[in-house]
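Q: Can you walk me through this structure? I'd like to start with how charged side chains pair up.

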Amino acid sequence: MIKLISIDVDGTLVTPLKRLTKENIRAIDAARDLGVHIAIASGRPYSGVKSLVKKLGLVEEGNFSVCQNGSYVFDNKTHEVIAGTYQNPKDLKIVDDLVKDFDVQISAMNHDSFYTRHKRANIYTKVDAIIAQLALEVKSYDDFPEDKTFGRILIMGSKSAIDKLNANMPEKLLTDYYSVRTAPWLIEVMNPKTNKGFAVSAMAKKLNISQDEIMSIGNEKNDIPMLEQAGFAVAMENSVDELKKHADFITKSNLRSGVGYAINRLIDNNLEKFQ
C-alpha cells in the first residue's frame, strides 16, 4: 500500500502557467484524507513552495517540502529542516575560481536569501532571485561565517556564455560536485550527494516506511533519482524520454492534470499499485 507520494512541481504538479488545477487539488486532498503523506519536490527554495503547501493543505505533520533538488527537506508543520546536503563559502570560492575565464556570474541561495558578490548583478541573477521569491543580497565571500550553508551555487549568464562553459566544463565541477544545466542561462552546482532520491530516502526513514510504500511523480531528468527510490514510479506524458524509461506508469500531461489522474487511479485501486 502506498503511504507517501512525492510530487515534482514545475512541469508536473502545476500547469505550464504555474497554476494548480482543481483536479490536482481534489486528488491530493482525497489522498491526504486517507492518511497518505504528501511531499512536493522542487528545485525552488522553501520560500517558493510555501504558497503551494498552503493551497494544498499540506501544513500538517507528516507532509514535506523537498527544496533545491533535495538540498533541504522541510517538515511543513514545524518549518524545520529534517535532512539536507549542503555547501559552504569555501565551495563558492572554488566554483567562482573555476569559471573565472567565462563570461558568467556566480550566486548562491539557501532558504533565507539569494547571495551574489557582484555589485552589478546580471539580469539572469536578478530574475532568478525574483522567481525564487528571495531578496538579492550583495555580499563578499569572506563575510560569510565558515558554517554558512547553501543549497545551490548558481552559474548564470547568456545562453552563448553558458553554451561555451557547458562545452568546456572544468573537470573539478564534474568530479567534486553535482553540476547540471537546468535552463539555457543556468548551470546549478550542488553537493555531489544532492538529489531528490536522497530526499525520498530521508522522508521514508522519518516515516518508517519502505521503498515499496512510496509513489513518485515527475517529468524531468532531475526527477529520475526520486523515481528510482519509489516502489511505484509515475512519469508525466510531457516527460523527457529518459525519465519515461524509469516509469511504471505514464499519466496525462501537466496541462491535463496528470498528477490528479494518477492519484485518483491509485485511490480507486485501494492505494495499491496499478497498471
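A: A salt bridge here is a side-chain nitrogen of Lys or Arg within 4 Å of a carboxyl oxygen of Asp or Glu. Keep in mind that this is a predicted model.

Q: Okay, how far apart are N and O in the salt bridge of D33 and R32?
A: They are 3.6 Å apart. That pair counts as a salt bridge because the cut-off is 4 Å.

Q: And what is the N to O distance for D29 and R32?
A: There it is 2.9 Å, again a salt bridge between side chains. D29 and R32 are both part of helix α2, residues 22-33, and sit three residues apart, about one turn of the helix.

Q: Is D33 buried or exposed?
A: D33 is exposed, at 61% relative accessible area. D29 is partly exposed at 24%, and R32 is partly exposed at 23%.

Q: Why isn't R32 called buried?
A: Because buried means under 20% relative accessible area, and R32 has 23%.

Q: How many salt bridges turn up in the whole structure?
A: A search finds 17. One of them links D176 with K172, with the closest N and O atoms 2.7 Å apart. Both partners are partly exposed: D176 at 34% and K172 at 35%. There is also a network in which D8, K196 and D223 are joined by salt bridges that share partners.

Q: Changing topic. What order do the strands of the eight-stranded sheet come in?
A: The order is β5-β4-β3-β2-β1-β12-β13-β14. The sheet is open and its pairing is mixed.

Q: Which strands are at the edges?
A: β5 (81-84) and β14 (249-250), each of which pairs on one side only. β5 is joined by three bridges to β4, residues 72-75, and the two run antiparallel. Within that pairing, F74 has V81 in β5 as its bridge partner.

Q: Which strands does α11 lie across?
A: Helix α11 lies across β1 (4-8), β12 (214-218), β13 (232-235) and β14. Its angle to β12 is about 160 degrees.

Q: Now the inside. How many residues are in the largest nonpolar core?
A: It has 34 residues. I5, I7, L13, I40, M215, I217 and I263 have the most contacts inside it. Helix α11, residues 258-268, supplies the largest share of this core, with four residues. Apart from this core there is another, of 22 residues, including L4, V66, V73 and A199.

Q: Why would nonpolar residues gather like that?
A: In soluble globular proteins, nonpolar side chains tend to be buried together.

Q: What does I40 touch?
A: Setting aside residues up to four places away in sequence, I40 touches I7, V9, L13, V49, L52, V53, L56, L58, F64, S65 and V66.

Q: S65 is in that list. Where does S65 lie?
A: S65 lies in strand β3, residues 64-67.

Q: Is S65 buried or exposed?
A: S65 is buried, with 0% relative accessibility.

Q: What does the side chain of S65 make a polar contact with?
A: With the side chain of N76, at 2.7 Å.

Note on methods. Residues are numbered from 1 along each chain as its sequence is written. This is a predicted model: local features need pLDDT of at least 70, side-chain atom pairs count only at pLDDT 80 or more; totals for chains, interfaces and linings use all residues. Side-chain values use heavy atoms; hydrogens and water are left out. A nonpolar core is a set of buried Ala, Val, Leu, Ile, Met, Phe, Trp, Tyr and Cys residues joined through side-chain atoms within 4.5 Å. Buried means under 20% relative accessible area, exposed over 50%, partly exposed in between (1.4 Å probe, protein chains only). Contact means heavy atoms within 4.5 Å. Two strands pair if DSSP finds at least two bridges between them. Axes are lines fitted to C-alpha atoms, for helices over the stretch in contact, and angles run from 0 to 180 degrees between N-to-C directions. A polar contact is a pair of N or O atoms within 3.5 Å; within protein, one must be able to donate a hydrogen and the other to accept it, and residues adjacent in sequence count only if both atoms are side-chain atoms.
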